[in-house]
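Subject: Structure handover

Hello,

Here is the structure to go with your sequence. My notes follow below it.

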Amino acid sequence: SRMKSVLAGVEGIRLPKHAELTDRPAVKDLFRIAGKVVVKPKDGYGSQDTHVVGDRGALDEVLQWPSSKQAGYLVEEFVAAPVFHLDAVVRGGRILFSSLGKYVVAPIDFVGRNWVGTRFSNADTALHRSARNDLGTILDAFGTTDGVFHYEFFFDGETVTFGEIAIRPVGG
């Protein structure tokens, strides 16, 4: 949720609609508008303990979780688009190297399965350029100029929607 709060209102970065799971009225409104939502832990990785909720009964079950558990979750609109990622080395605010990847299977589908893989490209395509520009905007918003970053986003052929960003340790 900190990622979303830092990036809220940043020009050029589209965020999925979202709400804190503890805000029941906001979650219900989001579900009504989106029709399908993702309930995901605020701290976690690899889609662990992430739930796709596409019907009212499943939403009611999630809303019955104890408030202590709910406090650790964010609810987002389900974005029905392929998931891409830009992996980049950044020094002094300048991208020294980047590669654009597309998940063969969306990360949400990794749960309970072996990781399938990514198709990478270093081609200077319009999407790769757009992702590099977005990464620069995102890092500016966080006041970050150095690191190895993994930026995930959805792309439906027209619109780029922010997924998440993570720093990667060197060599990791």
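Helices (H or I, at least four residues) and strands (E, at least two) are DSSP runs, numbered from the N terminus.

Two cautions. This is a predicted model: local features need pLDDT of at least 70, side-chain atom pairs count only at pLDDT 80 or more, and totals for chains, interfaces and linings use all residues. Residues are numbered from 1 along each chain as its sequence is written, and side-chain values use heavy atoms, with hydrogens and water left out.

**Helix H2**

H2 covers residues 24-34, and Val27, Leu30 and Phe31 are buried in it. Buried means under 20% relative accessible area, exposed over 50%, partly exposed in between (1.4 Å probe, protein chains only). These three sit on the same side of H2, because they cover an arc of only 100° around the axis. That arc is taken from the directions from the helix axis to the C-beta atoms. The face turned away from the buried side carries the exposed residues Pro25, Arg32 and Ile33. The cover over the buried residues of H2 includes strands E1 (18-20), E2 (37-41), E3 and E4 (73-77), plus helix H3.

**Gly54**

Gly54 lies in the loop between E3 (51-53) and H3 (56-63). It counts as partly exposed because its relative accessibility is 46%. Beyond neighbours within four places in sequence, Gly54 is in contact (heavy atoms within 4.5 Å) with Phe31, Gly35 and Lys36.

**The cores**

A nonpolar core is a set of buried Ala, Val, Leu, Ile, Met, Phe, Trp, Tyr and Cys residues joined through side-chain atoms within 4.5 Å. The largest one has 20 residues, and Leu135, Ile138, Tyr151, Phe153, Phe162 and Ile165 touch the most other members. Strand E5 (83-91), helix H5 (126-142), strand E8 (147-155) and strand E9 (160-168) each give two or more residues to this core. H5 gives the largest share, 5 residues. Apart from this core lies another, of 14 residues, among them Val27, Leu30, Phe31 and Val39.

**Strand E5**

E5 is mostly covered, with 7 of its 9 residues buried. Strands pair if DSSP finds at least two bridges between them. E5 and E8 run antiparallel, joined by 8 bridges. E5 also pairs with E6 (residues 94-103), again antiparallel, over 8 bridges. His85 stands opposite Glu152 in E8 and opposite Gly101 in E6. The hairpin of E5 and E6 has 2 residues between the strands, and Gly92 there takes a positive phi near 60°.

Best wishes
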